[in-house]
Amino acid sequence: MPSSCKDIRAALADCLQSSECVLIQRNQPSDCLRPPLLDTLPTRCQQLKRGYGECKRGMIDMRKRFRGNQPIAVSKELEGEKPGQLYAGAGFSSGDGVKATSGHEDEKVETVVGVDGERRVVR
């Protein structure tokens with residue numbers, strides 16, 4: 001099996017082994033992945049099952065054959081790390097970010113004379 005789906009397959013197996021369907025109800029993991037028992041699985045296991053299916057489907061998708069499947073970062077979630085930032089730029093909690101205001105600060109108002117000679121108020 002290609003290495004692109006091994007991580008998510010291992011994460012799905014761990015999730016199934018620790019689920020109520022296997023531990024308490026004593027069903028086989030393969031039975032828990034089928035529709036009557038699939039709804040009893042935790043949301044995380046259902047998401048991993050869907051991700052594993054998409055990974056396997058991506059292995060035969062001709063548009064992804066040359067580039068390969070996108071790497072799946074399940075290991076960071078399992079280790080308890082927070083996922084990275086989804087957009088470019090500094091993070092919101094970087095310390096020197098936005099200054100807290102109470103809403104009662106005085107506004108700076110400037111009067112500017114335009115090219116046409118009119119006075120405008122700029123806030």
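This note sets out the fold, the disulfides, the nonpolar core and the charged pair of the predicted model shown above.

1. Basis of the model. The model is predicted, so local features need pLDDT of at least 70 and side-chain atom pairs count only at pLDDT 80 or more, whereas totals for chains, interfaces and linings use all residues. Residues are numbered from 1 along each chain as its sequence is written, and side-chain values use heavy atoms, with hydrogens and water left out.

2. Overall fold. The protein contains 6 helices and 2 strands, where helices (H or I, at least four residues) and strands (E, at least two) are DSSP runs numbered from the N terminus. Along the sequence these elements follow the order α-α-α-α-α-α-β-β.

3. Surface and burial. The accessible surface amounts to about 10500 Å², and carbon and sulfur atoms hold 52% of that surface; the areas come from the Shrake-Rupley method with a 1.4 Å probe, and for residues only the protein chains shown count as cover. Of the 123 residues, 17% count as buried. Here buried means under 20% relative accessible area, exposed over 50%, and partly exposed in between (1.4 Å probe, protein chains only).

4. Contacts along the chain. Among contacts (heavy atoms within 4.5 Å) with a separation of 6 or more, 39% join residues 24 or more positions apart.

5. Disulfide pattern. The structure holds 3 disulfides, a disulfide being a pair of cysteine sulfur atoms within 2.5 Å. With bonded cysteines counted along the chain, the pattern is 1-6, 2-5, 3-4.

6. Cys5 and Cys55. These two cysteines are joined with an S to S distance of 1.9 Å, and their link is left-handed, with -100° about the S-S bond. The pair connects distant parts of the chain, 50 residues apart: Cys5 is in the segment before α1 and Cys55 in helix α5. Cys5 is buried at 0% relative accessibility, and Cys55 is buried at 4%.

7. Cys15 and Cys45. The sulfur atoms of this disulfide are 1.8 Å apart, and the link is left-handed at -100° about the S-S bond. Cys15 in helix α1 and Cys45 in helix α5 are 30 residues apart, and the pair links distant parts of the chain. Both residues count as buried, Cys15 at 7% relative accessibility and Cys45 at 0%.

8. Cys21 and Cys32. The S to S distance in this disulfide is 2.0 Å, and the link is left-handed at -95°. Cys21 lies in helix α2 and Cys32 in helix α3 (residues 29–32), so the bond ties together parts that are 11 residues apart in sequence. Cys21 is buried at 1% relative accessibility, and Cys32 at 0%. Beyond its neighbours within four places in sequence, Cys32 contacts Leu16, Cys21, Val22, Asn27, Leu37, Leu38 and Leu41.

9. Nonpolar core. The largest nonpolar core has 14 residues, of which Leu12, Leu16, Cys32, Leu41, Leu48 and Tyr52 touch the most other members. Two or more residues come from each of α1 (6–17), α2 (20–23) and α5 (43–60), and α1 gives the largest share, 5 residues. Such a core is a set of buried Ala, Val, Leu, Ile, Met, Phe, Trp, Tyr and Cys residues joined through side-chain atoms within 4.5 Å.

10. Charged pair. The search of the whole structure finds 1 salt bridge, defined as a side-chain nitrogen of Lys or Arg within 4 Å of a carboxyl oxygen of Asp or Glu. Arg34 pairs with Asp31, and their closest N and O atoms are 3.1 Å apart. Arg34 is partly exposed at 46% relative accessibility, and Asp31 is partly exposed at 32%.
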